Amino acid sequence: MNGLERVLATVAGRPHDRPAFLLNAGLAGAKLTGVPLARYFTDASAYADGQCAVRETFEPDLILSPFLFTALGEAFGSTSVIRGNSAPNLARPAAASAEEALRLPWPDLESQPRLLYLRDCVRELAGRLQGEAALVGVLASSVDLPVLILGMEPWLDALLFDRRNAQALMERCGEFIANLANALLEDGANIIALSANFNSPTVVTEEVIRSLTRPSLEASFREIRGPLILHHGGCRLAPHLKSYLGLPNVAGWVVDARDSLAEARSTLGADPVLLGNLEGPALDTRSPEAIHAECQRILADRAEDPHFILATSQADIPYDTPLENIAAIRQAVSELRAVAP
Amino acid sequence: MPDAQQAGIIKAIRCADRAGANLIIDTWAAGHSYEAAVMDLLTPTLESFGELWASAGGESSLAQGYVASKIAEDVLAKVLEERRKTNADVPLSKGAVVVGNVQDDYHPLGRKMISAFLRFSGWEVHDLGVDVSPEEFLDKAESLGARVIGASAMMYSTARNIGNLREEIDRRGFTGRIQLAVGGAVFKLRPELVAEFGGDGTAASALSASPLFDDLWNRSLAFETEKAKAETP
């Protein structure tokens, strides 16, 4: 089986030769190819080279488009910085309030350079992977995109105290993200992964979820013409899944490393794909043996779960992570035999 | 103890009802004063809410903490206005402290909430903003005689820069004299990083920042007392 076939079998609950796995290994691709990060995150060919190197070295079954939310903010006029070997960080938002954000020119999917970078990454990777691995387009949802345009505090402030403009901004963001997701699917992505932190009870109130953020997600997700993975985005997800259950087109869930996979499965039911729960940003602090043992423990725990994909959660695997640490994940997966429902 | 009012304010915070909380406080202050509202009503209420927040493992909503910080800011502004109208003396501050996001960190929300709660509790807060170098932290702390620096970082990649701040404190000979409080989402995920990056303490929530700064300030004083004793022939 190749990676895409393994992922499709996992989605369908059909037998597959070994568990599928996913790495959030954007920075590892730059390390493997020796490309400076400033070029890697602006040149789609360089990014595709890096991810093909990740695929050849570790053989993950899913490959990600850039997990680069700053590019979405930059498309609206926000600025970002790259320091050292870290992924870009949003430095200055484009707007100071939801009201101001609504007056910004809306970026064009066909010509805005940062959006073209994201789309070209998907096109290049789709052409090179040729269906050997599942290709995931990574985006922020309508409730998180405003953070990248105006920053966290003004967005929280708008959701709590300026609902008219918050709702109007989410409507525009929802339409924008649905159009961008559909463009990525047309460009060759098989799946779209989205974060939705501002629909979490750990971030906003239940009333905000009920009246503002959840309706926005429903409207936006409904317009996306492909399967979606909902990513925990940094918040714990398992205890709060009820805020997300029933959203249109969601076929998979990436939980936080602190979450219980058993709890998540119990809430989700038997069929949705469940992904997790290695802590990606901590992989540089552990030994290959410890990572291998952790993978074995997780895989043994999910041995009876035909819809499980081992995945690193949270942010990117750090650049300085020894490659043998990442290889330990591949090793643990390859030691397992077939998965049968 | 105004239990009904306290319960009303906590309920308002839980519902992110800033206006509702302010109405309760305004009504109370009309019969007393905003100064009294701070001492007798809002301070114990925020302490209770802080305990609830911490006991929830940091999983209460960010929105609730944010609203609480806004209410503290609102009331503090009213206290200042009340003092201005009555020409009342400004009470002595607990002391000058310096806060900021560490170098390369651009996530200001947590730092702003902490600043609001520290000011509410009587600290003279010097907020240096985002992306603050170790030299800027130390220059400001040195010029003010501050005994506590509060450094905020959201992610692991930027939290590592707290180690550079620790080195700068030590390099300038302020070990023990200047205490380093650290905070941010990454320290909730991985509490062991507080010690690993050289922090002297952290708080379970923004509302617990002031007790932490009290403790660190006292540790700094105790350090100097011990040092003076040791140096006395």
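**Close-up 1. An aromatic cluster in chain A of the predicted model.** In this predicted model, Tyr40(A), Phe41(A) and Tyr47(A) are joined into a cluster by ring pairs. Across all chains, a search of the whole structure finds nine aromatic pairs. One of the pairs found in chain A is that of Phe67(A) and Phe69(A), which is tilted, with 5.3 Å from centre to centre and 45° between the planes. Phe67(A) has a relative accessible area of 29% and is therefore classed as partly exposed.

Close-up 2. The ring centres of Phe76(A) and Trp106(A) are 4.9 Å apart and their planes stand at 80°, so the pair is classed as edge-to-face. This pair connects distant parts of the chain, 30 residues apart, since Phe76(A) belongs to helix 5 (residues 69-76) of chain A and Trp106(A) to the loop between helix 6 (98-102) and helix 7 (113-129) of chain A. With a relative accessible area of 6%, Phe76(A) is buried, whereas Trp106(A), at 23% relative accessibility, counts as partly exposed. Arg172(A) lies over the face of Trp106(A), at 4.1 Å from the ring centre.

**Close-up 3. Arg18(B) and the ring of Phe161(A).** Here a residue of chain B meets a ring of chain A, in that Arg18(B) lies over the face of Phe161(A), at 5.2 Å from the ring centre.

**Close-up 4. The surroundings of Arg55(A).** Arg55(A), which is part of helix 4 (residues 44-58) of chain A, has a relative accessibility of 16% and therefore counts as buried, the cut-off being under 20%. When residues up to four places away in sequence are not counted, Arg55(A) touches Gly3(A), Pro60(A), Asp61(A), Ile63(A), Leu129(A), Glu132(A) and Ala133(A).

**Close-up 5. A β-α-β unit in chain B.** Strand 1, helix 5 and strand 2 of chain B together make a right-handed β-α-β unit. The two strands, strand 1 (residues 95-101) and strand 2 (residues 123-127) of chain B, pair in the parallel sense over five bridges, and Trp123(B) in strand 2 is the bridge partner of Gly95(B). Helix 5 of chain B is followed by Gly122(B), whose phi is positive, near 105°.

Key: Residues numbered from 1 in each chain as written. Chains lettered and ligands numbered in written order. Predicted model: local features only at pLDDT ≥ 70, side-chain atom pairs only at ≥ 80, totals over all residues. Heavy atoms only, no water. Helix = DSSP H or I, 4+ residues; strand = E, 2+ residues; numbered from the N terminus. Pairing = 2+ DSSP bridges. Right-handed = clockwise from strand over helix to strand, strands pointing away. Buried < 20%, exposed > 50% of the residue type's maximum accessible area, 1.4 Å probe, protein only. Contact = heavy atoms within 4.5 Å. Phe/Tyr/Trp six-rings, centres within 6.5 Å; stacked < 30°, edge-to-face > 60°. Lys NZ or Arg CZ within 6 Å of the ring centre and 35° of its normal.
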